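Reader: I would like to go through this structure feature by feature. Please give the general idea each time, then the case at hand.

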Amino acid sequence: MAMEMRLPVARKPLSERLGRDTKKHLVVPGDTITTDTGFMRGHGTYMGEEKLIASVAGSVERVNKLICVKALKTRYIGEVGDIVVGRITEVQQKRWKVETNSRLDSVLLLSSMNLPGGELRRRSAEDELAMRGFLQEGDLISAEVQAVFSDGAVSLHTRSLKYGKLGQGVLVQVSPSLVKRQKTHFHDLPCGASVILGNNGFIWIYPTPEHKEEEAGGFAANLEPVSLADREVISRLRNCIVSLVTQRMMLYDTSILYCYEASLPHQIKDILKPEIMEEIVMETRQRLLEQEG
Amino acid sequence: MASVALSEAEKVYIMHGVQEDLRVDGRGCEDYRCVEVETDVVSNTSGSARVKLGHTDILVGVKAEMGMPKLEKPNEGYLEFFVDCSANATPEFEGRGGDDLGTEIANTLYRIFNNKSSVDLKTLCISAREHCWVLYVDVLLLECDGNLFDAISIAVKAALFNTRIPRVRVLEDEEGSKDIELSDDPYDCIRLSVENVPCIVTLCKIGYRHVVDATLQEEACSLASLLVSVTSKGVVTCLRKVGKGSLDPESIFEMMEPGSPSGQGQGSAHLFSRPSFPSIHLTFLTD
């Protein structure tokens with residue numbers, strides 16, 4: 001267990017290693033996108049001196065006549081129907097403030113929360129006083145975006161049995177632009193753990209529960225010790241996700257699973273070493289290309 | 001200290017993991033994260049170093065200036081430490097928020113260097129009672145991801161290794177007035193020997209076991225930590241407890257014993273002899 005010291009090494013640029021055919025049109029703030037005035041300008045652009053200039057750093061997307069720039073590193077921008085994982089920061093009257101890596105704290109109204117037992121009734125004053133019994137500061141929840149306010153703040157709801165307070169597990173925070181939009185964000189991976197890929201960049205890895213709990217949202221967190229085998233799977237998944245993110249790859253169930261399988265020959269703590277990280281992600285990329293083509 | 005909010009279930013998960021010697025990122029209780037060390041990063045200092053331990057980023061600059069020796073030690077120069085917790089690291093450090101942590105770290109650095117063997121201060125003396133070199137060590141905290149003291153001590157050691165103090169001569173006139181002459185060759189300088197400069201090892205107590213190199217989440221689960229400052233020869237120069245919890249004296253000895261009674265067979269004393277440090281000296285000498 002000796003300490004490992006190394007000298008910093010310049011990271012190789014991605015395009016060198018990729019050899020991708022489709023080159024993305026990347027811009028930085030101030031770059032001219034086009035001098036053609038026939039386009040409508042979308043988000044991330046502005047008109048200046050007869051040309052369209054980018055105002056954020058990202059890739060240019062063109063849909064017919066609309067040009068917009070999608071930022072690569074940005075806070076989470078909520079859209080209705082997204083699954084998010086958030087952390088409670090405040091308990092207020094009739095609502096909770098949830099941190100979801102967006103510009104403003106999201107809001108979870110008491111009326112949007114499932115009561116234990118799944119009952120549907122009007123929330124009374126007793127419920128309001130017992131709010132801290134359901135969710136405290138620091139708790140993690142999974143929820144869905146119900147509405148987006150005009151200032152960009154997001155309103156969440158947990159009105160389904162699959163959402164609610166999260167129990168034991170590991171949280172990984174990544175950039176929201178790296179989480180691929182899919183039909184479902186709750187995955188039970190065949191390697192033995194489950195993962196929730198929040199659209200806001202919060203990834204929650206937890207041991208697969210043996211039987212599906214019947215209580216709404218699972219308020220009573222299971223605090224029993226998790227077995228060592230499950231822990232190893234969770235730690236390995238966490239390191240794989242961190243290495244995929246460091247190499248700027250999109251996160252979805254297939255990429256995470258391929259990365260997990262590519263990392264099996266190595267020890268869990270070695271996955272984070274730069275050279276092993278590159279090797280594993282290269283192999284993952286290969287497999288994904290083969291699968292597509 | 002910068003802290004992160006965790007739910008009860010997350011804390012329980014981390015604590016159970018530590019008991020089983022498998023932390024969240026797959027390390028054992030006595031494994032360090034990968035450390036990146038770079039010296040000579042700031043051009044207008046006498047010596048500098050930058051250390052990255054996971055996401056913890058520390059920048060240290062050393063400036064050598066001439067000053068008066070202290071009255072009680074007329075034959076020696078001295079070191080002054082200043083720690084700046086920049087608001088880049090976490091929003092908690094904005095304004096005066098980082099001052100408390102900064103003074104705590106600076107005081108710890110004074111304590112670990114407060115002995116005869118760490119740095120040979122006599123080499124810093126130019127003429128007794130009149131002139132000496134004062135080394136101002138400035139530590140800048142760029143990013144905080146747990147285990148600040150270890151990273152800062154490594155960075156200070158690397159920066160002191162990198163320090164080049166110009167060689168001066170004192171010329172005496174017939175009337176007795178002294179003149180200080182700087183040598184013409186800009187590369188003619190004295191280097192400090194940092195063999196005995198101690199490094200800090202932080203042992204965080206989580207549950208019944210202790211971990212080395214805790215991340216922010218693990219620090220949030222631990223109530224008390226032990227800071228041990230030790231040289232490569234195994235000499236302990238300072239021992240400090242941080243945190244609002246309490247440590248049983250028995251557990252302190254347990255943490256420092258070569259073989260812990262729980263029969264794990266590994267001991268934190270292994271950390272006290274760090275073979276990597278002398279080898280780092282060798283690589284730097286060639287640059």
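Author: A salt bridge here is a side-chain nitrogen of Lys or Arg within 4 Å of a carboxyl oxygen of Asp or Glu. The model is predicted. Between chain B and chain A the count is two salt bridges.

Reader: Which residue of chain B meets A:Lys269 in a salt bridge?

Author: B:Asp31 does, with 2.9 Å from N to O between the side chains. Polar contacts between chain B and chain A come to 10 residue pairs, both residues at pLDDT 80 or more.

Reader: Which elements of chain B each supply at least two residues of the side that touches chain A?

Author: They are helix H1 (8-19), strand E1 (35-39), helix H6 (269-272) and helix H7 (276-285) of chain B. H1(B) gives the most, with seven residues. By residue type, that side of chain B divides into 16 nonpolar, six polar and 12 charged.

Reader: How is the size of an interface read?

Author: The size of an interface is often given as the accessible area lost when the parts come together. Here the area buried between chain B and chain A is about 2900 Å², and carbon and sulfur atoms give 65% of that area. Of the area that chain B buries against chain A, B:Glu10, B:Tyr13 and B:Leu22 supply 22%, more than any other three residues. In residues, the contact takes 34 from chain B and 33 from chain A.

Reader: In which sense do strand E1 of chain A and E1(B) pair?

Author: Strand E1 (residues 5-6) of chain A and E1(B) pair in the parallel sense, over two bridges. A:Met5 stands opposite B:Val35 in E1(B).

Reader: And within chain A, how many bridges join strand E5 to strand E6?

Author: In a regular strand the side chains alternate between the two faces of the sheet. Strand E5 (residues 45-48) and strand E6 (residues 51-54) of chain A run antiparallel and are joined by four bridges. The bridge partner of A:Tyr46 in E6(A) is A:Ile53. E5(A) and E6(A) form a hairpin with two residues between them, and A:Glu49 in the turn has a positive phi of about 55°.

Reader: How are aromatic pairs read?

Author: A pair of aromatic rings is described by the distance of the centres and the angle of the planes. Over all chains the count comes to three aromatic pairs. The ring centres of A:Tyr163 and A:Phe186 are 5.9 Å apart and the planes are at 50°, so this pair is tilted. A:Tyr163 lies in the loop between strand E13 (154-157) and strand E14 (164-165) of chain A, and A:Phe186 in strand E16 (residues 186-188) of chain A, so the pair ties together parts that are 23 residues apart in sequence.

Note on methods: Residues are numbered from 1 along each chain as its sequence is written. Chains are lettered from A and ligands numbered from 1 in the order in which they are written. This is a predicted model: local features need pLDDT of at least 70, side-chain atom pairs count only at pLDDT 80 or more; totals for chains, interfaces and linings use all residues. Side-chain values use heavy atoms; hydrogens and water are left out. Contact means heavy atoms within 4.5 Å. Buried area is the accessible area (1.4 Å probe) that two parts lose on being put together, summed over both. A polar contact is a pair of N or O atoms within 3.5 Å; within protein, one must be able to donate a hydrogen and the other to accept it, and residues adjacent in sequence count only if both atoms are side-chain atoms. Ala, Val, Leu, Ile, Met, Phe, Trp, Tyr, Cys and Pro count as nonpolar, Asp, Glu, Lys and Arg as charged, and the others, Gly among them, as polar. Two strands pair if DSSP finds at least two bridges between them. Rings of Phe, Tyr and Trp (its six-membered ring) pair if their centres lie within 6.5 Å; planes under 30 degrees apart count as stacked, over 60 as edge-to-face and the rest as tilted.
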